[in-house]
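The following report goes through a single protein chain, from its overall build to a few selected residues. Please keep the sequence and the model in view while reading.

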Amino acid sequence: MLVVGAGPAGLIAAVYLARFRRSVVLVDAGHSRAVRIPRSHNYPGFTDGITGTQLTAALRDQARHYGIEPTAGKVTSLRHGGPGFEAQWEGGAASSRAALLATGAADIEPRLPHLTEALQAGALRYCPVCDGFEVIDQHVGVLVDGPAGVSEALYLRHFTPRVTVFRADAEVRLAPPDRTRLERHGIRLAAEPLASARLWQGRVTLRHGDDETVCDTVYCALGMDVHSGLAVGLGAEVDETGYLRIDAHQRTSVPGLYAAGDVASGLNQISVASGGAAIAASAIHRELGLPA
């Protein structure tokens with residue numbers, strides 16, 4: 001059984017499949033979004049939170065317990081024909097009757113210095129669903145490039161009355177209805193686009209035109225780069241934002257091809273990825289049936 005991607009979704013699916021007595025090939029390009037999480041406080045069972053690296057390491061140890069060691073490599077070719085799928089990566093190849101894509105997605109990053117430092121300090125955040133609780137009553141900046149960013153600013157307004165929206169560059173234009181929505185909810189819109197940002201003592205100073213605004217945290221609402229290319233190459237359907245369309249069993253529109261985690265439509269949450277992986281692995285086991 002082929003699993004592509006060894007973030008939380010891929011590792012959990014691999015464990016399930018191994019416990020179903022399936023032979024698993026797990027190929028990983030090494031770019032899991034989860035390892036960038038400084039500390040998650042909404043993953044079940046960890047009152048004081050857990051870092052992304054700690055969680056991923058624990059999942060890898062669990063997979064290793066069942067004889068699964070991820071193969072390092074980026075799958076560059078996935079073909080569907082005959083009895084199943086054929087995958088190729090530099091230095092390796094595998095075939096499987098079914099395949100699970102857990103290739104994830106990547107946040108589109110702002111052009112800011114000290115990006116990694118800001119992320120680790122909690123001065124730059126990407127997911128208000130994950131950590132809006134942590135910014136209650138703080139001054140929050142939201143970096144936007146269109147209407148989706150406006151919706152994120154409105155979402156954050158639930159946690160704090162102090163929200164300022166910054167346009168990512170001069171090319172970004174917000175339509176009058178979006179500006180009205182912001183004004184109605186007391187959200188400030190900086191008149192000039194963001195020119196620069198600097199991190200100092202855990203806070204972020206944003207320069208826009210001749211003015212500066214100091215925020216406790218800045219959320220980047222520039223969207224996601226969904227790693228759905230392998231599936232799209234096989235004709236899999238995606239939604240309007242690029243996520244793979246899946247059914248209740250995590251099946252894509254390509255027979256035998258499943259998806260779980262951030263590459264699939266739904267909330268970008270580790271707990272959601274975990275559940276999706278369990279559903280997908282269970283469905284795959286049933287589809288494969290008894291050994292020939």
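Helices (H or I, at least four residues) and strands (E, at least two) are taken here as DSSP runs, numbered from the N terminus. With that convention, Q250 is placed in the loop between α7 (229-232) and β18 (257-259). The model is a predicted one, in which local features need pLDDT of at least 70 and side-chain atom pairs count only at pLDDT 80 or more, while totals for chains, interfaces and linings use all residues. Residues are numbered from 1 along each chain as its sequence is written, and side-chain values use heavy atoms, with hydrogens and water left out.

**Overall build**

The protein chain contains 8 helices and 18 strands. Its radius of gyration (taken over C-alpha atoms) is 21 Å, close to the 19 Å that the globule rule gives for 292 residues, so the chain is as compact as a globular protein of that length; the rule itself is 2.2 Å times the number of residues to the power 0.38. Along its principal axes, the C-alpha trace spans about 70 × 40 × 35 Å.

Of the 292 residues, 50% count as buried, where buried means under 20% relative accessible area, exposed over 50%, and partly exposed in between (1.4 Å probe, protein chains only). Among the contacts (heavy atoms within 4.5 Å) with a separation of 6 or more, 59% are accounted for by residues 24 or more positions apart.

**Nonpolar cores**

A nonpolar core is a set of buried Ala, Val, Leu, Ile, Met, Phe, Trp, Tyr and Cys residues joined through side-chain atoms within 4.5 Å. The largest such core has 32 residues, and those with the most contacts inside it are L17, L26, I68, L100 and I284. At least two residues of this core are supplied by each of α1 (8-19), α2 (52-65) and α8 (270-288). A second, separate core of 23 residues includes V75, A87, A99 and L101.

When residues up to four places away in sequence are not counted, L17 touches M1, V3, R22, V24, A281 and I284.

I12 lies in helix α1, and L119 is found in helix α3 (residues 115-121). I12 is buried, with a relative accessible area of 11%, and L119 likewise counts as buried, at 8% relative accessibility. Leaving aside neighbours up to four places away in sequence, I12 touches L59, S274 and A277, whereas L119, with its neighbours within four places set aside, is in contact with R36, P38, L124 and Y126. The table lists one pair for each of these residues, with distances taken from C-alpha to C-alpha.

| Pair | Separation along the chain | C-alpha distance |
|---|---|---|
| I12 and R60 | 48 residues | 9.0 Å |
| L119 and T217 | 98 residues | 9.7 Å |

**Positive phi values in loops**

Most residues other than glycine have a negative phi. Against that background, which phi value does Q250 have, although it is not a glycine? Q250 has a positive phi of about 70 degrees, and, at 10% relative accessibility, Q250 counts as buried. D137, which is found in the loop between α4 (128-131) and β10 (140-144), is another residue other than glycine with a positive value, its phi being near 65 degrees.
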